[in-house]
Amino acid sequence: MAPKCQKRWGNAQRYLLTGDEWTAEQAYEWGLIQELVEPGEQFNVALDIAEKIASAAPLGVRGSLKSSKTAVSEGQEAAKQRLFPDLQPVMASEDVKEGIQSFLERRNAVFKGK
């Protein structure tokens with residue numbers, strides 16, 4: 001286990017086993033949450049993030065998730081070995097053409113996951 005993960009695991013165990021509460025700042029420091037927001041703004045910030053992901057190229061999002069999961073479950077070397085083979089069908093997709101065209105035309109891309 002990587003040292004950074006060991007620290008997070010140790011922190012999690014302390015609170016899981018004792019039932020002690022932790023602060024939002026601690027959760028942010030430990031990497032359990034990605035952003036601190038003002039009270040009552042959680043939904044709006046989460047919705048903004050979700051909308052950005054939803055408007056991204058579906059094949060790219062799926063590929064990124066797959067690569068990340070491989071890196072966690074099988075290690076970074078396995079993820080590196082699969083990167084280019086997994087990327088080839090994405091690069092041959094209609095969505096890549098749409099992404100390039102939308103960039104050239106200075107407009108938002110309309111991805112279809114094809």
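**View 1. Buried residues of helix H5 and their cover.** In this predicted model, Ala78, Ala79 and Val90 of H5 are buried, where buried means under 20% relative accessible area, exposed over 50%, and partly exposed in between (1.4 Å probe, protein chains only). The cover over the buried residues of H5 includes helix H4 (58-74) and helix H6 (94-104); helices are DSSP runs of H or I with at least four residues, numbered from the N terminus. Residues are numbered from 1 along each chain as its sequence is written, local features need pLDDT of at least 70, side-chain atom pairs count only at pLDDT 80 or more, and totals for chains, interfaces and linings use all residues. Side-chain values use heavy atoms, with hydrogens and water left out.

**View 2. The bend in H5.** Helix H5 (residues 76-91), which has 16 residues, reaches 22 Å from its first C-alpha to its last, close to the 22 Å expected at 1.5 Å a residue (the expected span is 1.5 Å times one less than the number of residues). H5 bends by about 40° at leucine 83, and proline 85 follows within four residues; the bend is the angle between axes fitted to the seven residues ending at a residue and the seven starting there.

**View 3. Glutamate 98 in helix H6.** Glutamate 98 is found in helix H6 and counts as buried because its relative accessible area is 16%. Leaving aside neighbours within four places in sequence, glutamate 98 is in contact (heavy atoms within 4.5 Å) with Arg107, Asn108, Ala109, Val110 and Phe111.

**View 4. Leucine 32 in a loop.** Leucine 32 lies in the loop between helix H2 (24-30) and helix H3 (42-55), and leucine 32 counts as exposed because its relative accessibility is 52%.

How values were computed: Helices (H or I, at least four residues) and strands (E, at least two) are DSSP runs, numbered from the N terminus.
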